[in-house]
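Here is a short briefing on a protein structure. Look at the model first, then work through the points below.

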Amino acid sequence: METYIVMAVSAIFVNNILLAQGLGSCPYLGTSKSMDTAIGMAMAVIFVLVMAGAATWIADHFLLKPCNIEFLRTLVFILIIASLVQFVEMFMKKSVPSLYAGLGIFLPLITTNCAVMGACLMNINEEYDFLTALINASFLGAGFGIALILFAGVRERIILNNVPEALTDTAIGLVTAGFISLAFMGFQGLG
Amino acid sequence: MSKSIAREFAKGLWSEIPPFRLVLGLCPVLAVTMSVENGIGMGLATTFVLVGSNFLVSLLRNVIPPKIRIACFIIIIATFVTMVEFIMQAYVYPLYLKLGIFIPLIVVNCVVLGRAEAFACKNPILPSLADGLGMGLGFTLSLSLIGAFREVLGNGTFLGLQVFGDAFVPFGVMVKAPGAFVTLGLLLAFMNLVPVKK
Amino acid sequence: MKNIIQMVVVLTVLSGSSAGILAGIRVVTMEKIEYQQLKFQKEPAVRKIMEGSGMDPMAGRFKIDYQGRKLTIFPGEIDGEPMAAFETFGKGYSGDVGVMVGLSLSSGRIIGMGVTTHSETPGIGSKVKDSPTFVDQFKGEPVESGFKVRNDGGGVDAISGATITSRAVCVAVDEAGKVYGELKEQLLPTKIAAKDGSHE
């Protein structure tokens, strides 16, 4: 139990996948202009990350390792993630339309979110067992979500202010992200 | 004809230079540009993948059914990424160790998929090659520039060589994640000051 | 219908040729990659183990057959005492954990070892690598004594949070013990054997 708590603190705060490792910055900037989209994206990422974490772990241990074709890992993982996203989208549309209405438009974007692929590769590199891999994936996803929602909050306020013309939009967004990331660096003392 | 190819090549270096003009593919930009060397290595690896995937996508553009084109692009890109992994392991192993999981992550770099979708699948082979090469070199240039800023300020070195005297105290934060965000943001703002001729 | 067939065919051909091309490239680059790994991952471990060796372990390396596969041996000697280092593996969570074990060939005791991790993507290696106290537990012990982590009733303190990897290291060292037991003679560096001429 204790190790999982340490893992949670590490994945969410100390080694936040976005703010400390710089993974997943495209959707970070793309979907943070309003709180609603940020929350939608955060939920979709957590959801897909856990599913992808499970699927890639299974594929790695029961397909790639036994057949000795680990060199195809990149190819297989990205295909799994892409088809998983597609599948989740179809499934959601049919059976949980209310959820689809909220998350649907974010799902296709997740395929090229490197936070998902990155987290799956990390799970494999860190040699986690199945349960630990799943838990780690969900905490990494939660860390991403928290960072995204925090950022959206700041960004909604920036839009209301006068920003020098050259700095508008993405540029000020990146600088803001830098400061949030700086704030998160304070957590490194915990490790 | 040759004029338009030159234009496709040149646009990647200035008017549409990723990630400044086309704000895509930020993950490697933020995550690996701790030093110039990393920037150049990552940039060239991405260039290889871009040129390769643009070429193949353009070659197969009439064969690939539109409905599953994204899946096909992804297979093509992943193939080239794995190739780069092998090549880097065989020839520049220390750099491969430094870039670590970011080499396989080229596969989810939106610049590569973006060029396949927006350019290569609609254009013949030569312009697609030029586009890939231009975009790739532009990307390399940007990565090295950001890497240069961060390495000089955060570590006091350029390509591993000391640039300042002993009195210089590096701001370590520049080589960490916050430095990446701020450097990119400020460079982007600077680029915005310089207008693009239409 | 025709569309679906086309889709399936295109996807199959594409993935098939992709896997084929990659397998081909892998075969071509394999030897080079092996050498690079030898140079950058194994050489530091070997050098550390063989500190003060009279002969260059990298230059003198040779291969022997062990259970149907090639094992690279790095020979050395300190004060005339022959030693050998080689890499063995134990099953970790994901693939093999590689351990470079250095032995004194006269006493069969471990003189040093280092974790090399072989198949893992580098960068985020295993925790064992950063823990010298774990590795030091093995130093000076006879290699054939049979190692186990404390949880399994042995005498090796596992690294907290990395029991499986620690166990894998023990398995790898035991494997090294087996190699020593079975192929003791072949581990002697050929140069030394030739020099004193007693192996006619």
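A residue counts as buried when its relative accessible area is under 20%. By that cut-off, buried residues make up 58% of the 198 residues in chain B. Keep in mind that this is a predicted model.

**Chain B: elements and overall form**
- Chain B holds eight helices and two strands.
- From the N terminus, its elements run α-α-α-α-α-α-α-β-β-α.
- Why does a radius of gyration of 18 Å agree with a compact globule for chain B? With 198 residues, such a globule would have a radius near 16 Å, and the 18 Å of chain B agrees with that.
- Along the principal axes, the C-alpha atoms of chain B fill a box of roughly 60 × 40 × 25 Å.

- Take the contacts in chain B with a separation of 6 or more: 75% of them join residues 24 or more positions apart.
- Chain B has an accessible surface of about 8,000 Å². Carbon and sulfur atoms account for 71% of that surface.
- Chain B carries 14 positive and 8 negative side chains. The centres of these two sets lie 12 Å apart.

**Chain A: elements and overall form**
- Chain A has nine helices and zero strands.
- Its pattern along the sequence is therefore α-α-α-α-α-α-α-α-α.
- A compact globule of 191 residues would have a radius of gyration near 16 Å, and the 17 Å of chain A agrees.
- The C-alpha atoms of chain A fill a box of roughly 60 × 45 × 30 Å, taken along the principal axes.
- Of the 191 residues in chain A, 54% are buried.

**Chain A: contacts, surface and charge**
- Among contacts in chain A with a separation of 6 or more, 77% link residues 24 or more positions apart.
- The accessible surface of chain A is about 8,100 Å², and 69% of it belongs to carbon and sulfur atoms.
- Chain A has 7 positive and 11 negative side chains, with the centres of the two sets 9 Å apart.

**Chain C: paired strands**
- In chain C, strand E1 (residues 62-66) pairs with strand E2 (residues 69-78). The sense is antiparallel, over five bridges.
- C:Lys63 has C:Thr72 in E2(C) as its bridge partner.
- Two residues lie between E1(C) and E2(C), which form a hairpin. In the turn, C:Gln67 has a positive phi of about 45 degrees.
- E2(C) also pairs with strand E3 (residues 81-91) of chain C, in the antiparallel sense over six bridges.
- Which residue in E3(C) stands opposite C:Ile73? That residue is C:Phe86.
- The hairpin of E2(C) and E3(C) has two residues between the strands, and C:Asp79 takes a positive phi near 50 degrees.

Definitions and conventions. Residues are numbered from 1 along each chain as its sequence is written. Chains are lettered from A and ligands numbered from 1 in the order in which they are written. This is a predicted model: local features need pLDDT of at least 70, side-chain atom pairs count only at pLDDT 80 or more; totals for chains, interfaces and linings use all residues. Side-chain values use heavy atoms; hydrogens and water are left out. Two strands pair if DSSP finds at least two bridges between them. Helices (H or I, at least four residues) and strands (E, at least two) are DSSP runs, numbered from the N terminus. The radius of gyration is taken over C-alpha atoms; the globule rule is 2.2 Å times the number of residues to the power 0.38. Buried means under 20% relative accessible area, exposed over 50%, partly exposed in between (1.4 Å probe, protein chains only). Contact means heavy atoms within 4.5 Å. Accessible areas come from the Shrake-Rupley method with a 1.4 Å probe; for residues, only the protein chains shown count as cover. Lys and Arg count as positive and Asp and Glu as negative; His and the chain ends are not counted. The place of a charge is taken as NZ of Lys, CZ of Arg, CG of Asp or CD of Glu.
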